Amino acid sequence: MKNTLEKAKNGIMKIEKAVIIVSMIVMCVVIFLNTAARYTGLFTQQLLWAEELARYVMIWMAFLAAAAATQEDAHYKMTAIVDACPAFFGNILKVVAKLATAVFMLVLAKVGLDMCLQLMHMGQKSPILKILMWIPYASIPVSMILGLLQMGIREILAGTASEKEDANP
């Protein structure tokens, strides 16, 4: 089971990182082209679609990066209270914080999914690109579900690692 979880974790991270890197490149190229068009007159007029595309790519990139940071437990934490507590209470606070994070991610996934379904039903499109607006909004539930999945895998793997340490003193 551990090998399967490791493979799943690594596969998800590879896909996320690839999408994040491609998104960053696309966003930078589009913004550069739009800036060149605006200031040099190179393309006879500003690329009207560039800002909208860059915005939606950045939204997806940011939410996917948040999910990737969850897998690596790389989000900022306030540890002053945990550090000041005895180890037992500090561990309880860590568990409570992880549970609160998971609940928050579940709520965001649910609200994001509801919003996407509502936008699908309405058929709302973006002003310039005319893409369906549920597509940019889908970044919220997708990234929250990925974050929850990665958090779960991380905690399971950490649990199996600590069980092995307890078994082999």
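A residue is called buried under 20% relative accessible area, exposed over 50% and partly exposed in between, using a 1.4 Å probe and protein chains only. At 58% relative accessibility, Phe 88 therefore counts as exposed. This is a predicted model, in which local features need pLDDT of at least 70, side-chain atom pairs count only at pLDDT 80 or more, and totals for chains, interfaces and linings use all residues. Residues are numbered from 1 along each chain as its sequence is written, and side-chain values use heavy atoms, with hydrogens and water left out.

**Confidence**
- The protein chain has an average pLDDT (the predictor's confidence in each residue, from 0 to 100) of 90, and 92% of the residues score at least 70.
- Confidence is lowest in helix 6 (residues 139-167), with a mean of 85, and highest in helix 5 (residues 134-137), at 97.
- Helices here are DSSP runs of H or I with at least four residues, numbered from the N terminus.

**Helix 1**
- Helix 1 (residues 2-40) has 39 residues and should span 57 Å at 1.5 Å a residue; its end C-alpha atoms are 56 Å apart, which agrees.
- That expected span is 1.5 Å times one less than the number of residues.
- Buried residues of helix 1 include Leu 5, Ile 12, Met 27 and Val 30.
- Gly 41 follows helix 1 and has a positive phi, near 70°.

**Phe 88 and Phe 89**
- Phe 88 lies in helix 4 (residues 87-122).
- Phe 89 is partly exposed, at 49% relative accessible area.
- Rings of Phe, Tyr and Trp (its six-membered ring) pair if their centres lie within 6.5 Å; planes under 30 degrees apart count as stacked, over 60 as edge-to-face and the rest as tilted.
- The count by this rule is 1 aromatic pair.
- The rings of Phe 88 and Phe 89 have centres 5.5 Å apart and planes at 70°, so the pair is edge-to-face.

Conventions. Helix = DSSP H or I, 4+ residues; strand = E, 2+ residues; numbered from the N terminus.
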